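Trainee: I'd like to learn how to read a protein model. Could you walk me through one?
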Amino acid sequence: MGRLKRGLLWLGALLAAAAIYFALRGENAGGPGIRLQYWTDPASMRASAETFENYEREHPGVKIVVGQSAARNLVEDPQRVLCSIVGGDPPDIIVFDRYAVGEWAARNAFMPLDDFIATDAGRTDGIKKDDYYANCWDEATYKSKVYGIPIGTDDRALYYNKDMLIKAGYVNGKNEAVPPKNWKELREYAKNPKLSRWEGEGAKRKLTVAGFVPNYGNAWLYLYGWQNKAKFMSDDGKTCLLNDKPVVEALQFMKDIYDDLGGAEQVYAFQSGLQGGERDPFLTGKVAMKIDGNWTLGGIAAYKPDLNFGIAPAPMKDENDHPISWLGGWAWVIPKGAKHPQEAWDLIRRMASVETALHMSEVARRNEVSQGRPFIPGLNANRKVTEALFKKYMEDDPSVDPKFAAGLKVFIDLLPHSKYRPVTPVGQLLWNQHIQAFENCIFAKPGDGTTAQSALDASTAVVQRELDRIVVPNNGPEVSWPVISAIYFSVLVLGVIAFAIWFFTRFTGNRQARAEAYAGWIFASPWMIGFVVFTGGPILCSLIMAFCTYDALAPSHFVGVRNFQEVFTQDPLFWKSLYNTVFMVLGVPLGMVVGLGVAMLLDANIRHIAVYRTLFYLPSIVPGVASALLWMLIFNPNEGILNWGLAKIGIAGPNWLQDPNWSKPALIVQGLWGAGSGMIVWLAGLKAIPPDLYEAAAIDGAGPVRRFFHITLPMLTPYIFFNLVMGLIGTFQIFGPAYLMTQGGPVNSTLFYAYYLFNQAFRFMHMGYAGALAWVLFAIVFVLTLYQLRLSKRWVHYQGD
Amino acid sequence: MQEYGTRFSRNAYRLGIYGALISGAVMFSIPFAYMISTSLKEDDEQVQKDVVWVPRLPPSCPQSPYIDSRGGTALTKPDGVNPEAWRAVEALIAPALAPVVNAVPADQFGTTPEAAGRALLTAALWQDIAGKIPDDKFTAAALPAEIARFADADQVDKSLTRIFRAIDIGTVSLRAAGESGVLLRVGANIPGATDPVDANWVISEAVEAATLSRRTQKGRIDTELHYDFKEAGGFIGMETELPFENTASLKTFSLRLKGDASWNRLWTVLEVDGKRYESKTPYLLFGKRYGEVFFQLPSPDDDNDLLIRDWITTRETAGKFNTKGRVYLTVMVENTSGWTKTWDKFTYNYRQALHYIPFWRYVLTSLFLVCINIFLSIFSSSLVAYAFARLNWPGRNYCWALLLATVMIPGQVTLIPTFLIIKWLGWFNTLKPLWVGHAFGSVFFIFMLREFMKGIPKDLEDAAKIDGCNYWQIYWNVILPLVRPTLAAIGIFTFMGTWNDFMGPLMFLSDQSKYPLSLGLFAFQTVAGGNQGMLMAASLLMTLPVIALFFVAQRHFIQGLAFSGIKG
């Protein structure tokens, strides 16, 4: 008792000290003046720092606060940006993925910039559309309004290893390597056994060197589609053309190459062993050709500058067509509700200038060379900047190997002929569905009826359904959140009043019972207050959302049970994610067995027990982020210690996280490693078993096994019950591993329910649909828990009862 | 339990327990051991073909330049070549390469003996050209011609450069506030050198053990520092006066240099306007490629700076000379002992991680949150659990159902409404959303405590009531001591939950200065990218306090467990 009190006192003292520290430090670091919030990816923060310094010197009173979005991908993982906009406190400038600018603009998240541009028309340093590559500019334009000023950009071309091509005999008269000119040649190169290599026969046949893999690098179905003159969206933006003939042909072309190489599974098994950096397969001669972006040039320069390689435009279907590429990149946007749009614009203007770009590149160069890497400049949407950078760092620098300059030139020349992803409110969905169709098609077995056409049809239907709803909204009345909150609070107040009236007029208990009731309420009040303020409202809100369309930015409308209908009838991923999640339930009993086993071992009276306890508990202490990193290393099929260890005992380990059949078992293994966290609860349970029970049993002649089954287990039932219920609930909400490690892949094999829900809510901004998913999950878990509660009456044994 | 049974069965039992404990502990700690091993490796050790458990030791290099012997002298078979064909031609390779290798002048191998140098060069050369030779040319007849075709003088030069280790110092740049920097070409002071340079390096004190030589390639002028610590003491330095006008507002300077992979230390001293700035930490000469090392002069906002610090900070000391209007730069190489080098290498990732992010500030924030959260969740969860487990009050069962139901709603879907409430309360970008919630009890802990409180026999409570205790006294004096182990477990769970939580801070904080360690690490991960060693080091730094705490606290904690057995 004394120890507990002392402990609490100590905690209180620490707390006070900490509170004082924070009070002294102050919560708000900002003084008077304007705080201009600028969000960018951390990698470019250093490059901008000196520009910001100069801006601040010229604009006294303005302080630029650089926020790190701390998200890996602002667009696919945008909960933070979204919250800040919805919450009315967005940053003033965001560096945003350009292809998503239109989609977010359609949701009214950004300010149009046309007025700023018009006002600037007379200025010499103003931002002018003509300075930019037209396609880059248009990608950030939605319904003829400009929402973003494009910055960095990138496009794609064919990298080929000259030595490997020469070795395979693809040479011209001067013994120089000749890259493929069209699709037909590309396919022939890819399946040529002098370029691609296999090992083993029959079922053990393994691809070891690939001449060309259609989607290794950065090509996607988009590129092949555009090469075949596909449009993906109709000009009026109302029809999705993902299943148009050119796209079908393009997908078929990709599938054919995968089949030539031995099928998608074999190629994926090959790809799963591939890595980046120094071990990049293009550098180590495991891939002879790839279509990839200009950004990978830097990797070659860094890790293998003497690689004999060339860069050519990606081969077109018809070699007589002008070669094309596709581009992406970044743009500055000013979110709706930004506090200082004019200052933000001034900063954008300054940052968009050629001088700043050159200066920032210089810092970036220093940063690269400080890490021992040569500097290859990036491409910029501003034509003048791209040209100036090329001149300064490639043409005028004698130390640069001319092959890098020639390579970069190919990318620059392709820029004006590059396509960009359709600017449409369904851009993100279209992107994900085009990947979905691609994976479904190349993984299809001959018998199961999936063709390029049918895969694309299915994906088109999903996009079109969404599109139709945006073009002709068929929604019910608008939801008024203030009214709903008012109703929520009045119902609460009325409920409390009604309950109070009931209690004071009808309650039949004696004085003792009344006293106990008051005590109960007072003791439970922390939870009650918390529920009313922080939990009840959001839960109610999510319930209402489930019957609405809601994207967090635009007003929401009632749509009846449409979301639920869709969940059950039109969404294969719902079933897929549910299956994945149910699969993980296997880990719950396994985890309990391991946890209990460890706890029983640690319950023994043994020397140095502290060391063992700490060792077993270690894994649960490792933070989730670190654990994810560590296990990605461990599961690496080629260099990870798991397969290394298995190989030592003669087992060829699977590809774990890269193999759709093994990714879930891998995550269960990882989960078992952390089973020590349950150990604490088990230990508490074991220690609470009165020793006299064992003594009595021992006197009666019961052995350890019988003692375990007749005393330990029955006495532990409350703990088993608790672990089972919580384990199940936790498993149904499993999110971290998918979010941190696999992103739901490969082929959706780790798309867990909560992660799918999260994606629906934040990646596609289907908050309403996510709400419906949440309540379906709730129903499932609720029924399961009720069932367990009912069963528990039969087997759970409380000492107190 | 093991106190019963015969002596034999007792011993067997003990043996079994020990066996299970030790093997289990080993299995559980393997990943962790790998984590530690990874954190001790330098960047290029991460990409080995085989799994390497023991990190490499730094080499012993008292002399430089030299030829790196790590690639070995063996000639390896390229992938895809038939082993039999390989055996037939293996012996032909070295003779075929001999003419070009022997054409290299003897002084090109630095301090490495000539014979060893040539053997190493042969292996390196073969490694560079082997992949270019078509598989069907691996015959006694064709191979020599192929080797002659690829192994030309140019290739020999490239391969030699690849394994040649020396300290090369290139341009020096200086930057004053508000300027974009002045790049200076600094050459070695060698009589007769005609290349135009802005300043000249000279050896600080004339020692025979060190010389400077000038390398000019591809338009760059580099100064190569040769040293022999077998002859000289611990330091060898070179210095120069730099032409720089704006001395008053000088902010940073940088050196473009290539290390010699010796893990010796490099220090700089900059003297400007009568002030002397010494680098606080050494730059370790482990690299093999050109890199640029940045040094920053002390500035008042050093401590508030939240940028990723990839520069070396300097400290101001009393100037020895009157250097008004002039800038002197001294670069020193310190020869460290094998132990120091090992220490430097193994702590490198850790020091980098600590230097890159404001680690201690993050730790403080995390500690604050941990303390307050443990206190709040133990207190409020046990209060609420007591009400649900031991008290009868109208509405209890409805409330219990509601409480259970709230755990089953996935948190992701209530994110936005919760955020709006936080925003409405004005708590966005404060630490409040990260701790206030704990004052209302956590459903998980309430459930856990309720289960265990229900297990407490009624008679204890009744006895207390007869003694005249009120409900608070029963809770405080009877129930709490009995669930103490569970409270301790809750404390540990809360500690870990708070220490590791990054989703909450990610949502509710926008100022980096308010980040707790978990989010700091997550943000660091987005910056450090592929550098596994540094990430693991940072992760371990984050984990170690918790391990230490658990190790120390678990004895008290388990003692608490042991005495809490309830006599039924």
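Trainee: Let's start with one residue: is His322(A) buried or exposed?

Mentor: First, the general idea: a residue is buried if 20 or more other C-beta atoms lie within 10 Å of its own, exposed if 12 or fewer, and partly exposed in between, with C-beta atoms placed from the backbone. His322(A) has 8 other C-beta atoms within 10 Å, so it is exposed. His322(A) sits in the loop between β13 (309-312) and β14 (325-326) of chain A. Helices (H or I, at least four residues) and strands (E, at least two) are DSSP runs, numbered from the N terminus.

Trainee: And what should I know about the model and its labels?

Mentor: It's a predicted model, so keep this in mind: local features need pLDDT of at least 70, side-chain atom pairs count only at pLDDT 80 or more, and totals for chains, interfaces and linings use all residues. Residues are numbered from 1 along each chain as its sequence is written, while chains are lettered from A and ligands numbered from 1 in the order in which they are written.

Trainee: How many residues of chain A are in contact with chain B?

Mentor: Two residues are in contact if their C-beta atoms, placed from the backbone, lie within 7 Å. Here 127 residues of chain A are in contact with 136 residues of chain B. On the chain A side, helix α21 (residues 511-545) gives the largest share, 18 residues. By class, that side has 82 nonpolar, 27 polar and 18 charged residues. For those classes, Ala, Val, Leu, Ile, Met, Phe, Trp, Tyr, Cys and Pro count as nonpolar, Asp, Glu, Lys and Arg as charged, and the others, Gly among them, as polar.

Trainee: At what angle do α21(A) and α34(A) pack?

Mentor: To get an angle, axes are lines fitted to C-alpha atoms, for helices over the stretch in contact, and angles run from 0 to 180 degrees between N-to-C directions. Angles under 35 degrees count as roughly parallel, over 145 as roughly antiparallel, 65 to 115 as roughly perpendicular and the rest as oblique. α21(A) and helix α34 (residues 767-795) of chain A pack at about 110°, with their axes 7 Å apart. The two helices α21(A) and α34(A) are therefore roughly perpendicular. Where they meet, Ser542(A), Leu543(A) and Met545(A) of α21(A) touch residues of α34(A) including Gly771(A) and Trp775(A).

Trainee: Which residues touch the most other members of the largest nonpolar core?

Mentor: A nonpolar core is a set of buried Ala, Val, Leu, Ile, Met, Phe, Trp, Tyr and Cys residues joined through C-beta atoms within 7 Å. The largest core has 309 residues, and those touching the most other members are Val101(A), Leu251(A), Met254(A), Leu757(A), Tyr386(B) and Ile446(B). Helix α7 (residues 359-390) of chain B gives the most to this core, 17 residues. Take Ile446(B): leaving out residues up to four places away in sequence, its contacts include Trp527(A), Val384(B) and Phe388(B).

Trainee: Which strand does β12(B) pair with, and in what sense?

Mentor: Two strands pair if DSSP finds at least two bridges between them. Strand β12 (residues 265-272) of chain B pairs with strand β13 (residues 275-279) of chain B in the antiparallel sense, over four bridges. Val272(B) has Lys275(B) in β13(B) as its bridge partner. Two residues lie between the strands of this hairpin, and Asp273(B) there has a positive phi near 50°. β13(B) also pairs in the antiparallel sense with strand β16 (residues 312-318) of chain B, over five bridges. There, Tyr277(B) has Glu316(B) as its bridge partner.

Trainee: Which residues of helix α3(A) are buried?

Mentor: Helix α3 (residues 79-86) of chain A is mostly covered, with seven of its eight residues buried. They are Gln79(A), Arg80(A), Val81(A), Leu82(A), Cys83(A), Ser84(A) and Ile85(A). The cover comes from both chains, including α33 (753-763) of chain A and α9 (415-424) of chain B.

Trainee: What about phi in Ser144(A) and Phe232(A)?

Mentor: Ser144(A) isn't a glycine, yet its phi is positive, about 55°. Phe232(A), also a residue other than glycine, has a positive phi near 70°. Ser144(A) has 8 C-beta neighbours inside 10 Å, so it counts as exposed. Phe232(A) has 22 other C-beta atoms within 10 Å, so it is buried.
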